[in-house]
Amino acid sequence: AQAPSPEGPRQALLQSAPARELVASLEAAIAALRRLAPSPTLLLAEFCSRWLPASSLQGQLLHREARGLNVQHLVHLFEVAELQAAEEAIKLGLPAAYAVKWQQPVACTAAWHGQRAVGVLTILLRITLRWLLRGRSLDPEVMVSAFVPLALQHVPPEEPESWEGCFEGLRLKHMAVAIMLAQECSKAGY
């Protein structure tokens, strides 16, 4: 069972370590979770002390503010930390192969406004962290739309059909400029 994590404890955990470090710790915890299949209501701190005693996550979960997180919140915590890590990485800059400026915006960007722009930004950040910043060498000419169904696998899940057309014609080589545009559109609310 997976469930969204409570705001207060989640924020305390996110502030306890650099996001990329937290993502790595949460990823290890998810791998252990899959092997062990503990009760979803088991406190995450207890899970870590039993099965991940050397994990830095255990120490971070001992803070009073981070209590209230259960095993069922693990995937959601990972997803939120992943987005934060992607935002931090974007500030440092993407590899040059994925930061090519476009001559004119791809037509699909006309649909990026309001909440849709927020969703597009989230998807682009997930793709960036999961595939572009993991040391993989992907062809910059590959279409972003190839990664959208996998980027939508999160809590709560979304259907790929709801994002149809939002990434049409967009290539990985334009990720940096697409992320900047999605950020602008989501902030401006248009």
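In the predicted model, helix α6 passes helix α8 in a left-handed crossing. The axes of α6 (residues 114-132) and α8 (residues 175-188) come within 8 Å and cross at roughly 150°. This angle makes α6 roughly antiparallel to α8, because angles over 145 degrees count as roughly antiparallel. On the side of α6, the contact is made by G114, A117, V118, V120, L121, L124, L125, I127, T128 and L132. The residues contributed by α8 are M175, A178, I179, A182, Q183, C185 and S186. Sorted by class, the contact of α6 with α8 has 13 nonpolar and 4 polar residues, and no charged residues.

Residues of α2 that make the contact are A19, R20, L22, V23, L26, E27, A29, I30 and L33. Those of α5 are L74, V75, L77, F78, A81, E82, Q84, A85, E88 and A89. By class, the contact of α2 with α5 has 14 nonpolar residues, 1 polar residue and 4 charged residues.

P4 lies in the segment before α1 (7-14). With a relative accessible area of 48%, P4 is partly exposed. Along the chain, P4 and S49 are 45 residues apart, and their C-alpha atoms are separated by 22 Å.

Technical notes
Residues numbered from 1 in each chain as written. Predicted model: local features only at pLDDT ≥ 70, side-chain atom pairs only at ≥ 80, totals over all residues. Heavy atoms only, no water. Axes fitted to C-alpha atoms, helices over the stretch in contact; angles between N-to-C directions. Helix = DSSP H or I, 4+ residues; strand = E, 2+ residues; numbered from the N terminus. Parallel < 35°, antiparallel > 145°, perpendicular 65-115°, else oblique. Left-handed = near helix turned anticlockwise from the far one by under 90°. Contact = heavy atoms within 4.5 Å. Nonpolar A, V, L, I, M, F, W, Y, C, P; charged D, E, K, R; others polar. Buried < 20%, exposed > 50% of the residue type's maximum accessible area, 1.4 Å probe, protein only.
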